[in-house]
Structures are given as C-alpha cells and as structure tokens.
Amino acid sequence: SLSERLSAVAAHLPKAAHFVDVGSDHAYLPCYVCLKDTTSQAIAGEINEGPFRSAQKQVKLQGLIDRIDVRKGDGLAVVEADEVKQVVIAGMGGPLIASILEQGKDKLGRVEQLIVQPNIDARVLRKWFLNNGFVLQKEQILEEAGHIYEVLVAERQGKDIYHGDEAIRDKELLFGPILLKDKNEAFRTKWLDYKRKLARNVANMQQAQQVDEAKLASFKKELAWLEEELD
Ligand code: SAM
C-alpha cells in the first residue's frame, strides 16, 4: 500500500486527472492513482537511470502501460506544452522543486493545478506560487514514521488566502497561511523542534566575536513569531 505521505498527495488530484509526476522513482504514485481511477492518465518523469527503470518495471507489473508513460529527462522537459493539466512533484527539497517549476515555466501555460510535497523549505514554494500566478489553495502537514511532511496545492484560480498586511504575510509564508489556522500536532512538533534549534543558534551567535547582524535579526524575528504561534 502507498505511504500516508503519497496518499495525501494523490488525494488532491481530481477524477480523470492527466498529470505528470516529476521524479517519480518507482512510479508508485501514478500507479496508485491510475489503478483507483481508470479515467486517469499520467506521465512518470525521472532523470536517473535506476529510478527510471524501476518506474518502467512497476508500470508494466501493474498493467498500466497504456495509461502511464514513463519518460526519462530533467524536470518538466519530459512533457510537451499543454500536455498535462496537473503537475505533481514530491519528496524533494523546496528549492529543487521551485527550480524545476522555474525551468519548466513554458510547460505550465495550461496547467491547472500544482501539487508539491517539499521535504524542506515550503516557504520558497509559497513565494514561487505568489510570483508566478498560482494561488495557494490547500495545505496539509502530517507526520509519518518520525518525519514531518507538508503538502501544498496551488491552482490557477481561487481566493487569495493571505492576510493583506505585509508583515503578517511574511509570517504566513514561513508557516503556511492555511496551516496557521489549524496548528495540528504535526505542526506543533515541527515548529517546536525548529524553535529549539533556532534559540540555540541565536544564543551561540550572541556569544560569538563577529556576528552577521542581518542574519541574527531575521532569526530573532522568527523566534518572536514562534513565541506568538506556539502556546
Ligand atoms: N516522488 C517520489 C516520492 O515522493 O516518493 C520519489 C522521491 S525521490 C526522494 C526523488 C526522485 O527525484 C529521485 O528518484 C530522483 O532521481 C528524482 N529527481 C531528482 N531531480 C530530478 C529532476 N530534475 N528531474 C526528474 N527527476 C528528478
């Protein structure tokens, strides 16, 4: 069965999806989606030979070669412009996901939905959405086997869920405007852990001979946000 993390990603796809899963590895996600919904079809993209072969093998094994096309290549280079309606990128760092989106911009013209699951730094993706005409619509945070994962969904259209105030927006970009409204157990665990590390960093910096003042100030600002949000 699929991991809770990938099930959470898959759950955001509509029925009759036509999507690319970039960095598909074993193609577990597209196989799961296409087995559940016989009207869905997918492209599984992989840059590396090993995972590319695993994906091919899995798609054959599941009897899905007519609906899942496994392609080798870098990021969105594996799709034609206008070929897919949804893009899934999961299990990588936020900056890598953002660079794949940035480099594949010319393929996103007709894309309606982006579903991303960054392992670190979701903020860079929230910013990318804001700057590139995608509207953050859903956010999820969950814990599985001691790891905490975030899933973000952005669409072409939708209600802007950010606060109007710039100062508050910066905070929302870090924590997630939707996640901030709920603050579940996984959210608290993630940010309490981060707060401990940050407090240690700030204490160390304050004792150091030379200090990057700008960095210290930004850490202190984050600490203040954490104080506000975690009680
Ligand atoms: N998406 C799967 C998941 O969430 O379980 C696999 C995640 S795995 C940690 C990351 C995969 O992305 C690897 O198989 C790697 O080869 C692939 N990858 C990394 N950079 C890529 C790129 N620029 N284009 C396509 N695939 C990439």
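Predicted model: local features only at pLDDT ≥ 70, side-chain atom pairs only at ≥ 80, totals over all residues.
Residues are numbered from 1 along each chain as its sequence is written.

By touching, or contact, I mean that the C-beta atoms of two residues, placed from the backbone, lie within 7 Å. The angles run from 0 to 180 degrees between N-to-C directions, and the axes are lines fitted to C-alpha atoms, for helices over the stretch in contact.

Now to the sheet as a whole, which is open and built from seven strands in the order 3-2-1-4-5-7-6, with mixed pairing. Strand 3 and strand 6 (135-144) stand at the edges with a single partner strand each, so one side of each has no neighbour in the sheet. From one strand to the next, the twist averages 15°. Two strands count as paired here if DSSP finds at least two bridges between them. As a reminder, strands of a sheet pair through backbone hydrogen bonds, either parallel or antiparallel.

Strand 2 is mostly covered, with five of its six residues buried. For burial, I count the other C-beta atoms, placed from the backbone, within 10 Å of a residue's own: 20 or more makes it buried, 12 or fewer exposed, and anything in between partly exposed.

In strand 1 we also find Phe 19, which counts as buried because it has 27 C-beta neighbours inside 10 Å. Leaving out residues up to four places away in sequence, Phe 19 touches Leu 13, Ala 42, Val 84, Lys 85, Gln 86, Val 87 and Val 88. Phe 19 and Glu 83 are 64 residues apart in sequence, yet their C-alpha atoms are 8.4 Å apart in space.

Between strand 1 and helix 2 there is a loop that holds Ala 27, whose phi is near 60°, a positive value in a residue other than glycine. Is Ala 27 buried or exposed? Ala 27 is buried, since 27 other C-beta atoms lie within 10 Å. Ala 145, in the loop between strand 6 and strand 7, also has a positive phi, near 50°, but with 7 C-beta neighbours inside 10 Å it counts as exposed.

Let me turn to helix 3, whose buried residues are Phe 52, Ala 55, Gln 58 and Val 59. These cover an arc of only 130° around the axis, which puts them on the same side of helix 3; the arc is that of the directions from the helix axis to the C-beta atoms. On the other side of the helix, Glu 49, Gly 50, Lys 60 and Leu 61 are exposed. The cover over the buried residues includes helix 2 (28-36), strand 2 (41-46) and strand 3 (68-72).

Helix 8, residues 185-207, lies across strand 6 and strand 7 (147-155), running at about 80° to strand 6. Within helix 8 is Thr 189, which is partly exposed because it has 14 C-beta neighbours inside 10 Å. Apart from neighbours within four places in sequence, Thr 189 is in contact with Glu 143 and Ile 148.

Finally, what surrounds the ligand? There are 16 residues around it, and the closest are Gly 23, Asp 25, Ile 47, Ala 90 and Gly 91, where being near means that a C-beta atom, placed from the backbone, lies within 6 Å. Strand 4 gives the largest share of this shell, three residues.

Notes. Helix = DSSP H or I, 4+ residues; strand = E, 2+ residues; numbered from the N terminus.
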